[in-house]
Amino acid sequence: MSASVDPVSRPAVVTRFAPSPTGFLHIGGARTALFNWLLARRAGGRFLLRIEDTDRARSTQPAIDAILEGLRWLGLDWDGDAVFQFQRADRHAEVANALLATGHAYRCYATAAELEAMRAEQKANKQPLRYDGRWRDRDPAEAPPGAPFVIRLRAEQTGATTIHDRVQGDVTVQNAELDDMILLRSDGTPTYMLAVVVDDHDMGVTHVVRGDDHLNNAFRQLGIIRAMGWPEPIYAHIPLIHGPDGAKLSKRHGALGVEAYRDELGILPEALGNYLLRLGWGHGDTDIIDRDAATRLFDLADVGRSPSRTDAKKLENLNGHYIREADDARLVDLVAPRIAGLIGRDLSEPDRDLLRRGMPELKPRARDLNDLADGALFLFRTRPLEMDDKANALLQGEAPALLASIADELAAVGTWDVAGVEAALRAVAERAGLGLGKVAQPLRAALTGRTTSPGIFDVLALLGRKESLDRIGDRIATATAQ
């Protein structure tokens, strides 16, 4: 007989994100959280957070803090307080004992040595390695007095179970392939498989959206749900994220935590959120989808079945887009600490105001916050500027004489603004019989120490009359001294 799972859709949508706090919030987990958040928010439902900290040896407070901070940074707010799984161990044991009382579970007294021998025999006979049910129908009285035992689920042995997964489609497993899994260990602690089911039920979770590496677990967990007579959730198992080479994402691909994208790579949260959204979900050919649009459009039917691949270039392009769209004052707050780290001092209020005024010219050139800080560095460098090799090459030969002509013309500018300095430079170019670019190149090198910068007129306007003329004068003096 076949048992089919096709839950009736409930009015309320309740999703959850349930990370284990054994490390940083990696992008796979962040994407799972995002999909759960979007599904709940679109339906006006609830998005819950559960910290699965039952592995006491590996769960750490810094990891918990990193997860919470990462979710907040990404704008994935959860409803109510976070649930900590370890604190619910008594409730998990209560359910295991309830299953024992109704005959849906039983005590297993098999020793570690016996189980090892069982697995060795199965391996030798090339059989699947699974518990053979040796205590399933035995009388517990046959066990030695006081012998330790575990509580195992009495799983269905005949028929098949089909899950109508919202991403994977119909998936069927023969019940004979599912062994009697442990619910409660001999020391009375619950297993992960039991704890997850109990917590999802008690939290009212209606939709379980998680990685497809948990798909096999769903069939085993359904045994507990059915034995307790609880409502069955709607399942959606999303493919894992792979590296650009198609292999499972790992450290060798540079797999990073969310905080590294923020702190080391200078990625904006809205860019990373958009990027994660498009790793496995799509809406036509549209790449740029902000959070509001994503909340309106998100549907599990649009999640692909194939693993998605990371694409650093796509993230870079998205981040550049969101930097260009970002509020200038916000970017100043984000970039100022990075600049301070480069120049060895905090930015003053006048410095911050200068950075804000320069932001419209700086941000179109930046791919990330590090780029933005580096591009703004010329505004705060101390004289005499250190020249990079390319800039130094532009300041040889006739360049000092040209700089002297530029300095004379700029010194006579009445109103120091973009229009005023542009007119002066065009006059120098015309007198020298040069294209404007030939005038701008050595001037840019003298003003910034580099060969790339915002437009030369904007550079002059931002630096101001005195600083601009002083920097040009430094280069002329250096040439004269040589």
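The structure holds 40 salt bridges, a salt bridge being a side-chain nitrogen of Lys or Arg within 4 Å of a carboxyl oxygen of Asp or Glu. The model is a predicted one, in which local features need pLDDT of at least 70 and side-chain atom pairs count only at pLDDT 80 or more, while totals for chains, interfaces and linings use all residues. Residues are numbered from 1 along each chain as its sequence is written, and side-chain values use heavy atoms, with hydrogens and water left out.

One of the salt bridges joins the side chains of R42 and D299, at 3.6 Å from N to O. Because R42 lies in helix α1 (residues 27-42) and D299 in the loop between α9 (291-297) and β13 (308-309), this pair ties together parts that are 257 residues apart in sequence; helices (H or I, at least four residues) and strands (E, at least two) are DSSP runs, numbered from the N terminus. R42 is partly exposed, with a relative accessible area of 43%, and D299 likewise counts as partly exposed, at 32%, where buried means under 20% relative accessible area, exposed over 50% and partly exposed in between (1.4 Å probe, protein chains only).

A further salt bridge is formed by R220 and D179, whose closest N and O atoms are 2.5 Å apart. This pair also links distant parts of the chain, with R220 in helix α6 (residues 215-228) and D179 in the loop between β8 (169-174) and β9 (182-184), 41 residues apart. D179 is buried, with a relative accessible area of 18%, whereas R220 is partly exposed, at 26%.

D179 is also the nearest side chain of opposite charge to R152, at 5.3 Å, and R152 is buried yet has no salt bridge; in this count Lys and Arg are positive and Asp and Glu negative, with His and the chain ends not counted. R152, which is found in strand β6 (residues 150-153), reaches the backbone oxygen of D180 with its side chain at 2.7 Å.

Within helix α19 (residues 465-481), D470 and K466 lie four residues apart, about one turn of the helix, and form a salt bridge in which the closest N and O atoms are 2.7 Å apart. K466 is exposed, with a relative accessible area of 62%, while D470 counts as partly exposed, at 21%.

Over the whole protein, 49% of the 482 residues count as buried, and the C-alpha atoms fill a box of roughly 105 × 45 × 40 Å, taken along the principal axes.

Note on methods
A polar contact is a pair of N or O atoms within 3.5 Å; within protein, one must be able to donate a hydrogen and the other to accept it, and residues adjacent in sequence count only if both atoms are side-chain atoms.
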